[in-house]
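Please read these comments alongside the model. They are brief and kept to a few places in the chain.

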Amino acid sequence: MTLLLTLDDGSIQRKLAEAVDLARAAVLEDAGAEQVGAHVGVDREDAVSASHLFEATVTGYRGWRWSVTVALAGDDEPITVSEVVLIPGPDARVAPAWVPWDRRVQAGDLGVGDIFPVEKDDPRLAPAYLESDDPAVEAVAKETGLGRVHVLSRHGRLDAAARWHGGEFGPRSDMARSAPDVCGSCGFFVSLAGSLSAAFGACTNDISPADGHVVDIEYGCGAHSEIEVEVTSSVPVAELVYDDSLIDFETAPEAPAEPVAAELPEPVAAEPAEGTVVDESEAPVVEVPETAEVQPEVEPEAVAVSADAPETADEAQVEAESASEH
């Protein structure tokens, strides 16, 4: 056999691959024609054996295949059938890998009356206080809490801390991300004892969803003890509102007219009597009373009369004679 494995030039594998009819005959004899389908391939097992695969048409085994293993002991030896088995194909539905029962139990599976013993060398536990032969020592040990056989080991504390930190009441939960503050500053938070007190405690607020549960110090909810909410109306209201329908309109009184200065009569220049010589220096002067607001206007004619007044007595006499002739 060693010489066969060493000097094989591939002829043995060719003969094994060509033995399709022999493999089909073997599976038909074992399963029947109604459960055997088409030939789908050949898998090499080793230097002197190979497995022919046929589709399985067995009810409830969709995607499975018949595997017929054939072997050849030498060039001059006949091909023989080693076994016929039903194996799952790449698309077959198979059962999950076997897991021991104690590892299949998940958190929350323990029911009323169930017993779940721990392993003898459970890494989560460590030996606690060892009993002594002194009854007084035993009494004191139980009072201080040292009477337990096992306590949490470092691995057990870290395992619990990681589970609580990433759980429903950890800082990454939806409730904690939307909370206004964390449990570490809440009055309803009660710290645990021991090394876990720095990161975990229990919630005592009956309104909170975490009431009675171990919570992370960075967890939080909307029932924080220090929350203050200003209660206001949900409807926006202006600070000052005017109701036009309740306003009475009245006509405002007219303002009193401003006093107007009395109009003064226009000054008239005195005409000299006929045949009278008028001395300009003795001519009467019209005095205009002063007013604070209105200055009387002087008619141009009056100014003209004053401007055309005779300057000498001779000229005045000539004008008087001319006027009498007319």
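The points below take a helix, a strand residue and a surface patch in turn.

1. The model is a predicted one, and the remarks here should be read on that basis.

2. Helix H6 covers residues 154-165, twelve residues in total. From its first C-alpha to its last, H6 reaches 16 Å, close to the 16 Å expected at 1.5 Å a residue.

3. Gly156, Ala160 and Ala161 are the buried residues to look at in H6. They lie on the same side of H6 because they cover an arc of only 130° around the axis. The other side of H6 carries Arg154, Leu158 and Ala162, which are exposed.

4. What do the buried residues of H6 pack against? Their partners are two strands, E6 (150-152) and E8 (200-203).

5. Ala71 belongs to strand E3, residues 64-72. Its relative accessible area is 17%, so Ala71 falls under the 20% limit and counts as buried. Leaving aside residues up to four places away in sequence, Ala71 touches Leu16, Val48, Ser49, Pro78, Ile79, Thr80 and Ser82. Between Ala71 and Glu83 there are 10.0 Å in space, C-alpha to C-alpha, and the two are twelve residues apart in sequence.

6. Trp101, Val105, Leu110 and Phe116 make a nonpolar surface patch of about 400 Å². Within this group, Val105 sits in the loop between helix H4 (101-104) and strand E5 (125-127). Is Val105 buried, exposed or partly exposed? Its relative accessibility is 35%, so Val105 counts as partly exposed.

Note on methods:
Residues are numbered from 1 along each chain as its sequence is written. This is a predicted model: local features need pLDDT of at least 70, side-chain atom pairs count only at pLDDT 80 or more; totals for chains, interfaces and linings use all residues. Side-chain values use heavy atoms; hydrogens and water are left out. Helices (H or I, at least four residues) and strands (E, at least two) are DSSP runs, numbered from the N terminus. The expected span of a helix is 1.5 Å times one less than its number of residues. Buried means under 20% relative accessible area, exposed over 50%, partly exposed in between (1.4 Å probe, protein chains only). The arc is that of the directions from the helix axis to the C-beta atoms. Contact means heavy atoms within 4.5 Å. Patches are made of residues with over 30% relative accessible area and no salt bridge: like charges are joined within 9 Å, nonpolar side chains (Val, Leu, Ile, Met, Phe, Trp, Tyr) within 5 Å. Accessible areas come from the Shrake-Rupley method with a 1.4 Å probe; for residues, only the protein chains shown count as cover. A salt bridge is a side-chain nitrogen of Lys or Arg within 4 Å of a carboxyl oxygen of Asp or Glu.
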